[in-house]
Amino acid sequence: MGFIQAAAGAISGTLADQWIDFLQPPDNVPATAVVFPAVLKGQNAGRGSNVSHSENIITNGSKIIVPEGYGLLTFHDGAITTFVAEAGAYIFSDDDQQAKSVFTGGGFLSSTVESSWERFKYGGRPGVQHLAFYVNLKEIPNNRFGTQGPIYWDDHYLNTQAGAVTRGSYTLKVVDPILFVKSIVPATYITANAGIFDLTEVNNPVSEQLFNEVVGSLSAAFSRYTNDGERGNRISKIQGDALGFAKTLSDVVEEHYHWTEQRGITIHAAVLLAIEYDTPTATLLEDVQKADALSGGRGDSFLRQSAARGIQSAGENGGGEGLAFMGMGMNAAGGSVGGLMQNQPGQQQAPQGVGQQAQPAQQAEPGPADKIREAKAMLDEGLINQEDFDALKRKALGL
């Protein structure tokens, strides 16, 4: 009796599978899905009769829709048989006896009697398995990374080791779907009744491994990026250069873990959402920024203004005596500023007596005219205002 039931199930199942199938992506597939099965569309608005087909058998001549941005992989008994990379509608063709249909030229006896015999041997079930899976060929977003503690890299511009805690995200692209499926996708996602392989799922072992490999590459990526002369050797540029940083990070990951060569995936874009430097690095960056701001002509102007403000303050605090000796103070300040200008980086101070006249041991007290000329020079350079100049002039003249 068991054989009769099996034979009856085989015949009814064979007749049910004569309907041509229509396969398409499942509904509500998330953007982060990488691999997911093609599903049968048995009925549409109540129309359609293929509702009792055997599972995991694609009828010969069935239509499969491939949307834009996706590829299609077909499997026969667990082995990849076809890959479709372009969008469109495709007709499934297979020489296997279980896939033939009377509606596509298979012949009634050929497609029922012989198939029934094959299924009879498997207790009424098909002896083969056909599966179709879509592979996402678009950018796969929302792959986040972050460091719990600081990462460190050698920074040539700062001339020391720098450290920071950072977080961000990157997008992946599948560049070799066959290699990707064969090398890293778990078997549960490419078998019958498989679910959606989504890298953002909690406890996804593949995404966890990729996360650890990206974080493990950040230190080397930071070092390579900041020490690249084409990028000005500045870590401050890394947050505004998503493509440049992605290229650097992808190169480092490829060198260390061979994503493209062995897994068929690559990092397409990456962005750093935050960089929090450790205390020594933050302090050093602040000092370097100040030094950069005061380099060149800007530094000369700053030193002259600082000296003038100091002399003016001394004159104000000393009352009449301070104003009386303003001229002498300016001479001293001028010598100090000149010395500072000569000792700027990249310049050498001339030896005493070479290219300059030796200064007398003592200088005579400047006269009224000298004091007025010095005050006028200060006015012209913007070091004092008109009111201060008039006060100095009156003082020099004894008024």
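1. Asp251 and Lys247 are 4 residues apart in helix H5, so about one helical turn separates them (helices are DSSP runs of H or I, at least four residues, numbered from the N terminus).

2. On the basis of the values: the model is predicted, so local features need pLDDT of at least 70 and side-chain atom pairs count only at pLDDT 80 or more, whereas totals for chains, interfaces and linings use all residues. Residues are numbered from 1 along each chain as its sequence is written, and side-chain values use heavy atoms, with hydrogens and water left out.

3. A search of the whole structure returns 4 salt bridges. One of them joins the side chains of Glu213 and Arg263, at 2.7 Å from N to O. This pair links distant parts of the chain, 50 residues apart: Glu213 belongs to helix H4 (residues 205-226) and Arg263 to helix H6 (residues 259-263). Both Glu213 and Arg263 are buried.

4. A further salt bridge is formed by Glu255 and Arg224, whose closest N and O atoms are 3.0 Å apart. Because Glu255 lies in helix H5 (residues 242-257) and Arg224 in helix H4, the contact ties together parts that are 31 residues apart in sequence. Glu255 is partly exposed at 45% relative accessibility, and Arg224 is partly exposed at 38%.

5. Which residues of helix H12 (residues 386-396) are buried? They include Phe389, Leu392 and Ala396. Viewed down the axis of H12, the buried residues fall within an arc of 65 degrees, so they line one face of the helix (the arc is taken over the directions from the helix axis to the C-beta atoms).

6. The N-terminal end of H12 is capped by Asn385, which places a side-chain oxygen 3.3 Å from the backbone nitrogen of Glu387. For a polar contact, the N or O atoms must lie within 3.5 Å; within protein, one must be able to donate a hydrogen and the other to accept it, and residues adjacent in sequence count only if both atoms are side-chain atoms. Just after H12, Gly398 adopts a positive phi of about 75 degrees.

Key
Helix = DSSP H or I, 4+ residues; strand = E, 2+ residues; numbered from the N terminus. Buried < 20%, exposed > 50% of the residue type's maximum accessible area, 1.4 Å probe, protein only.
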